[in-house]
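Work through the exercises below with the sequence and the coordinates at hand. Each task is followed by a stepwise solution.

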Amino acid sequence: MTETALIDNVIPRTDVIKRTARIGAEIRNIKLSGDLPDQMISTINGLLLEHKVIFFRDQGHLDDAEQERFALRLGKLVPLPTLGATKGTMSMLDIDSARGGFRTDNWHIDVAYVDAYPKILVLRGLVIPPEGGDTVWSNTAAAYLDLPPALQRLADDLWAVHTNAFDFAVIARPSEAERKLYEEALSKKRFETEHPVVRVHPETGERTLVLGCYVKRFVDIPKYDGQRLFDLFESHITAPENTVRWNWKQGDVAIWDNRATMHYAAKDYGDQHRVVRRVAINGEVPVSVDGRCSVARVKITMPSSANIV
């Protein structure tokens, strides 16, 4: 049975509402749980590979445990390397604006500073402000295809160093409470990994761009030239035609392919309360177009007094 026939057999195409031509689809009339049949899980994975990010409304029946049970059907769960679990479960990351949660209003690939960063993320909306708080995703495979052939060849050859010890103050404009939380968490561990700027997706074979705010520098490229290259490639990734914007409601679930997207959570809701919880699924070490694998260069547990910002 072809993938299209499988999707039509399990989820009617009328329940798959594309959000844009290039990225994003809302899947209707499904109640997510850890008890879904294997064929349904396979179909959801197929839709994820096709649309890069998929959305489910009205999933208020999920609690933390059931969100994890569902996510486990997509692969092994992993905690954030610098924080670990935050809700007393094996992998739940609680992002709560009232507790100075980490700012994510920058374009990024989740946990790209490690070699085998998560392949899939499952995010659930618990407390959603009445205005603002949207998340935007971009299709990094489409961005690569939009590059002129000469720039594709250049990107194919480039490697970049990603680190969690980036300049948080410049990128995220933190409050004092956010800065202290960041310093406390990231002063204990430092990660630095070399990734190809273009990786080959292990399931679709697509070439996708690997960049975002964790990039520190390009390998063997002077800083000044590297910044110009970074800005050039990022401009293709974040071009409006490559993006989809999701307006959250309480009980929504978003699932994205972290190997083929970047995302940005808009901090445009002022002092209103926002809580989302995220589960990560273990990923593969990226492979470049010439078959080389990403390499972890630094993995250091640092003294608690160290300051890496």
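Predicted model: local features only at pLDDT ≥ 70, side-chain atom pairs only at ≥ 80, totals over all residues.

**Exercise 1.** State how many helices and strands the protein has, and what share of its residues counts as buried.

Solution. Step 1: the protein contains eight helices and 17 strands. Step 2: of its 309 residues, 55% count as buried.

**Exercise 2.** Find the contacts of L151 beyond its neighbours within four places in sequence.

Solution. Step 1: L151 belongs to helix α5, residues 149-157. Step 2: with those neighbours left aside, L151 touches L232 and F233. Step 3: F233 is 82 residues from L151 along the chain, yet their C-alpha atoms are 8.9 Å apart.

**Exercise 3.** Describe the salt bridge between K52 and E206 and classify both residues by accessibility.

Solution. Step 1: the closest N and O atoms of K52 and E206 are 2.6 Å apart. Step 2: K52 sits in the loop between α2 and β3, and E206 in the loop between β10 and β11, 154 residues apart. Step 3: buried means under 20% relative accessible area. Step 4: K52 has 3% and therefore counts as buried, whereas E206, with 28%, is partly exposed.

**Exercise 4.** Which parts of the chain does the salt bridge between R245 and D268 tie together?

Solution. Step 1: the closest N and O atoms of this pair are 3.6 Å apart. Step 2: R245 lies in strand β13 and D268 in the loop between β15 and β16, so the bridge ties together parts 23 residues apart in sequence. Step 3: R245 is partly exposed at 44% relative accessibility, and D268 is partly exposed at 41%.

How values were computed
Residues numbered from 1 in each chain as written. Heavy atoms only, no water. Helix = DSSP H or I, 4+ residues; strand = E, 2+ residues; numbered from the N terminus. Buried < 20%, exposed > 50% of the residue type's maximum accessible area, 1.4 Å probe, protein only. Contact = heavy atoms within 4.5 Å. Salt bridge = Lys/Arg side-chain N within 4 Å of Asp/Glu carboxyl O.
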